[in-house]
Amino acid sequence: MNKLEYEEIASDLTPVIGELQQAGFLQTESELQELSEVLELLSAPELKTLAKTFHLVNPNGQKQRLVDTFLKLAKQPSVCMWGKNQPGIGAVILKRAKGLAGQSLRVCKGPRAVFSRVLLLFTLTDSLEDEEAACGGQGQLFPVLLVSLGRMEFPRYTINRKTQIFQDRDDLIRYAAAAHMLSDISTAMANGNWKEAHELSQCAKSDWNKLKSHPSLRYHENLPLFLRCFTVGWIYTRILSRTVEILQRLHMYEEAVKELESLLSQRVYCPDSRGRWWDRLALNLHQHLKRLEPAIKCITEGLADPEVRTGHRLSLYQRALRLRESPNCQKYRHLFHQLPEITVDDVKHVTITGRLCPQRGTGKSVFVLEAGGPAAPAAVLCSVEEVALAYYRRSGFDQGNARCFSRAAGPPGMVRQQRVATVSPSGPVGDAADLGGCGKGFYSR
């Protein structure tokens, strides 16, 4: 409790904590029985102290390694043959760890879930790729605090809410449960725990199969696309899309193909991902399963899909060209006659010349740029990016946002660049310089 300070509530939080505990909002350390939770609660110095008490081999190791060592030690059988009623090593570690942690508090799961769903509603438009946002919006507690302190202010706007996303409380609970599952799977994948991620994805798939006949889904299917992404079906579809990557990591390509075919069989959820699904299905059939005829048919169907975007459409077409030139596909040449021809126009190239400043040794090139007017001419030393920006300022693009550059090979003092479209508030609307790509739980008390 010594780590909790809320002066705006009370200088002594003991009565407040007692009231919350009686109301069923808080749990104390007496209800903390999982060793893993207690060990995570300890700070690194406290954990090292505990490691020295039990004479671990490396008591000054990293925190996660110490936690893993303690968990393994707790599972070992006791070597004492006398005193059958003596506690095991796990119980002894738990008792010592709770003693080091001191008095602790945890918000009960039921009340915490309610507040978590409220925050999820508050941050509904935030990306669920953010682990904290997917876990109920806890990451938005800090902006909420800033707003309450007057340090952050959102613009005023007129709310024009015509369509209700969630029909009832149960609908929101189902959505929150799917968001939590997506977060858990993403975390397991980020940590490289592919077997754990596979088990979680299979549980999610089972839950989704039970929900498919729910009447609320028919309402979700009729929502406009920009609101449909806030439905439970959309989240489970994203989970199934992640399942494909998990299966591929585990070299389960047959199962991955079936999952992709299932995803492509529906057009309600995540239509912007269809290009990636077609591309991945073609890759699995072609490279991993060596099924050339189904791969060609997959590419043909993908190119005919209006939801496939330009990048994936081009990727599918290039794969088709490679297959057509492959000696193994000679007997399937008749299938390529149905492919549409796709041409890619080269971007316009602009060459900008600049005067290099002499310098010794290696390092970033420095250019000499003329500045000032005829009456007071001057020269400034600048980078290649500033040379390109100055060129386009003289061309009328004085309000552009082009800030990402990279150098291309060319003669000394010359910069070759590609043009990318940008919108300028004043001046012509057209292209700006791009010299390549961008270079730049429980609380202890």
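Let's start with Cys270, which is buried because its relative accessible area is 3%; buried means under 20%, exposed over 50%, and partly exposed in between, with a 1.4 Å probe and protein chains only. Cys270 sits in the loop between α14 and α15 (274-288). Helices here are DSSP runs of H or I with at least four residues, strands are runs of E with at least two, and both are numbered from the N terminus. The phi of Cys270 is near 50°, a positive value in a residue other than glycine. Most residues other than glycine have a negative phi.

A quick word on what we're looking at: this is a predicted model, where local features need pLDDT of at least 70, side-chain atom pairs count only at pLDDT 80 or more, and totals for chains, interfaces and linings use all residues. Residues are numbered from 1 along each chain as its sequence is written, and side-chain values use heavy atoms, with hydrogens and water left out.

Now, His251. It is not a glycine either, and has a positive phi of about 60°. You'll find His251 in the loop between α13 (232-249) and α14 (253-264). Is His251 buried or exposed? It counts as exposed, because its relative accessibility is 58%.

On to the second largest pocket, with a volume of about 590 Å³. A pocket, on a 1 Å grid over the protein atoms alone, is an open set of points where a 1.4 Å probe fits, with protein on both sides within 12 Å along at least five of seven lines; lining residues have an atom within 4 Å of a point. Grid points are joined across faces, edges and corners, and the volume is the space filled by probe spheres set on the points.

Where does this pocket lie? Domain 2 (108-156) and domain 3 (169-267) both give residues to its lining, so it lies between them; the domain bounds come from an automatic or database domain assignment. The lining has 17 residues, and Leu124, Thr125, Arg161, Ile165 and Leu227 lie nearest the centre. Both α6 (109-122) and α12 (225-228) supply at least two lining residues each.

Let's stay with α6 for a moment. Its buried residues include Pro111, Leu119 and Leu120.

Finally, the whole chain: 18 helices and nine strands, with buried residues making up 38% of its 445 residues.
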